[in-house]
Amino acid sequence: MRVLVTGANGFLGRHVVSALLARGHAVRAMVRPAASIDALGWPPSVEVFRADLRGGPLEAAFEGVGALVHLAAAVSGGEDAQFAATVGGTERLLSAMAASRTRRLVFCSSFSVYDWSRIDGTLDEDSPLQRAPDLYERDGYAIAKSWQERIVREAAARHGWDLVVLRPGWIWGREHGFLFGLGQRFGSVHLVFGPTTRLPLTHVENCASLFALCVDAPAASGRTYNVVDSDRIRIWRYLGDHLRRSQERGLRLPLPYRLGLTVARVAQATSRWIFDGKGKLPGVLVPCRFEARFKPLRFPTRTERELGWTPPLSYEECLERTYGPPAVAAAPPALTESERPADPPMTTPERAGVPGRAAAS
Amino acid sequence: MKAALIGAGQIAKQHLACLKELEGVEVGAVCDLSPATAAAAAERFGIPRWYTDHRAMLEAERPDVVHVTTPPSSHFPLATAALGAGAHVIVEKPASETMEQLRQMLRAAREAGRALVESHNYLFNVATRRILEEIDSGRAGNVVHVEAFIALDILGPSGFADPNLQHPALRMAGGAIADFLPHLASLAWRFVGAHRSAHPVWSRRARSPLPYDEFRAVVDAERGTASLAFSASAQPDAFWLRVYCERMQAATNLFETRLTFDRVLSGPRPLRPLRNGLREARDVRRASVGSLWRKLSGGPGSYDGLWEMLRGTYTALASGGEPPVGLREVEEVAELVEALKPREARS
């Protein structure tokens, strides 16, 4: 099957491309016009389609495409810029898909769409999602990802698409070892709110393998899955491994989660009292944002039960992939025979690096 | 009064946040080409209806006031349509891309007896108003010269200089800097009057998609002179306004709250520098705390002028008075903007 991947040169995207190739799919990789892809080492069979989701025609990207893996989202910039890129870009992409014959969509959502304040004990796929008006207390990324999932679901329902929603936990990997859920950094001091809190970790290569699987796994159709390798690793251990293996210098200062949350609540109440309900605080002092980063929860998943998916790489192997000597090329996890897709790849590959037809500019 | 808004991105949020605070103003609807952007703005600000077609909105809502907060290239058709529907119009700067379009808009407003307010928001910042009070009270004497200097890093890859998608402002003569000319021109107009001549210098200092990233101009005007500047390379970000009067000089950073005065003081001449220095130190100390306080307050921040301008506009419209930015001001500021554009681009 030919698979269109947006955000293909991103942190997750480049591994999804590798994982799709390993499963025998043909890949059309959508990257921005100015993106540099030379260092990615994609084989010539990867068809590169250059386009920016915010402007320019996108219809040609869907020609001959059996499934879309939509990963593109802004991870930096102001709230409005993130909304315009993530949500506005997705609107344009979905319109182009609606005009095509593509019917399968594997969409990358996020743990940030959950309403962490209303979740106690266990966060799973049925946990409540963040809704207005509290949504607008969250950061720009959470607002944009919530709206992005919302419009993807609406479009899929409207057009009868075969939708799989994957919500990765904290994705980590080479050059992305530090996670915002580890604590608050002040110089080389890390305030760790709840050192025994479990992390919903997914290593980027493990995560990518699930995306590739969901492209044609019949059981995934219409389903939503959290992507978590396991929740057995706790903050204290992970941060220690990160500091040691990355050779960053840092001091871990453990603090009770409840203490941090209480400080945030007091700060918010004080701010609202002083400024008549309109005060503005640094993100870590906004209680709902604090909870979305540090709340101690369990993170069970149903990917093994329903899809037979277990993360190909162990935590120790992931540490080696993240901090060890770089591999020559991103080696996708090996497939067993039963995991291989039934359909033979169908493609007329263009050379990697050749601009796509419609959007080359 | 019933308001409606076309264009629900970026600056629209400031308009909507302000309108929420204004008594007697109800925002009936918001419109954006992107359904999600319109719906999100409606959800966030409790607006009952949203549209993706401005004509449908104008027809169904019949608003008293329409805010046009889209990119500049669409201001002319949208503002014209809103005036045609009988609404007063508040349009983000620049109100139009060409002088000819602006004259048509002004003609339409005059014929319809409606207001056309271009956002000259920095005229209404607290600091600008305090300087104007000193001048209007006669304590400062007449204005001799005004300097306005914007230092703003617009060379980063996520804004005006985005290498992946051309920013709408780059279609204007002068590129991204043209987006800031109405701010500079409106300040010059307010302090020294309509211009008689202008001498701009446009240049490019850094490698980027921007056609220009540096701008300087000297302006000769009715009541004095002005020097206006924009720099993408001078840091840190600041919007310096310096006003030189016969008996007082004022300096303020309009992105923050710093405002200091130097005055011709009575008393022993040798002590004047000390007395002015102590006063300045006091003002800077207050402003430093004030800047932090302003950030924590969750208010409009450096958009306090926009809020004040909107408040004044609605008060005037409700009472049938003249809005704080009149048609003559819009026209004369636009004429100065036109004179400041790169020579090859003037219409």
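Predicted model: local features only at pLDDT ≥ 70, side-chain atom pairs only at ≥ 80, totals over all residues.
The contact between the two chains draws on 26 residues from chain A and 20 residues from chain B, and the area buried between them is about 1,900 Å², of which carbon and sulfur atoms give 55%. On the side of chain A, the residues A:Asp80, A:Tyr136 and A:Phe275 supply 27% of the area that this chain buries against chain B, more than any other three residues. Six salt bridges are found across the interface of chain A and chain B, and one of the salt bridges in the model links the side chain of B:Asp162 to that of A:Arg54, with an N to O distance of 2.6 Å. A:Arg54 also forms a salt bridge with A:Asp52, in which the closest N and O atoms are 2.7 Å apart. Of these two residues of chain A, A:Asp52 is buried, at 3% relative accessibility, whereas A:Arg54 is partly exposed, at 25%.

Over all chains, the count of salt bridges comes to 48. Within helix 5 (residues 235-246) of chain A, A:Asp241 and A:Arg244 are three residues apart and therefore separated by about one helical turn; these residues form a salt bridge whose closest N and O atoms are 2.7 Å apart. A:Asp241 is buried at 7% relative accessibility, while A:Arg244 is exposed at 55%. Salt bridges with shared partners also join A:Glu125, A:Asp126, A:Arg223, A:Arg302 and A:Glu306 into one network. In chain B, the side chains of B:Lys341 and B:Glu338 meet in a salt bridge at 3.1 Å, N to O, and both of these residues are buried.

A nonpolar patch on the surface is formed by residues of both chains, namely A:Trp273, A:Ile274 and B:Trp293, which together have about 430 Å² of accessible area. A:Ile274 lies in helix 6 (residues 257-274) of chain A and is partly exposed, at 40% relative accessibility.

By contrast, A:Gly181, in the loop between strand 7 (170-172) and strand 8 (184-186) of chain A, is buried, with a relative accessible area of 0%. Beyond its neighbors up to four places away in sequence, A:Gly181 touches A:Trp170, A:Leu199, A:Ile235, A:Arg293 and A:Phe294, and its C-alpha atom is separated by 8.3 Å from that of A:Ala292, 111 residues apart along the chain.

In chain B, strand 12 (residues 248-253) and strand 13 (residues 259-263) pair in the antiparallel sense over five bridges, and a hairpin of five residues joins them. Within this pairing, B:Ala251 stands opposite B:Thr260 of strand 13.

Terms used:
Residues numbered from 1 in each chain as written. Chains lettered and ligands numbered in written order. Heavy atoms only, no water. Patch = residues over 30% accessible without salt bridge, like charges linked within 9 Å, V, L, I, M, F, W, Y side chains within 5 Å. Areas by Shrake-Rupley, 256 points an atom, 1.4 Å probe, with all protein chains shown as cover. Salt bridge = Lys/Arg side-chain N within 4 Å of Asp/Glu carboxyl O. Helix = DSSP H or I, 4+ residues; strand = E, 2+ residues; numbered from the N terminus. Buried < 20%, exposed > 50% of the residue type's maximum accessible area, 1.4 Å probe, protein only. Pairing = 2+ DSSP bridges. Contact = heavy atoms within 4.5 Å. Buried area = accessible area lost by both parts, 1.4 Å probe.
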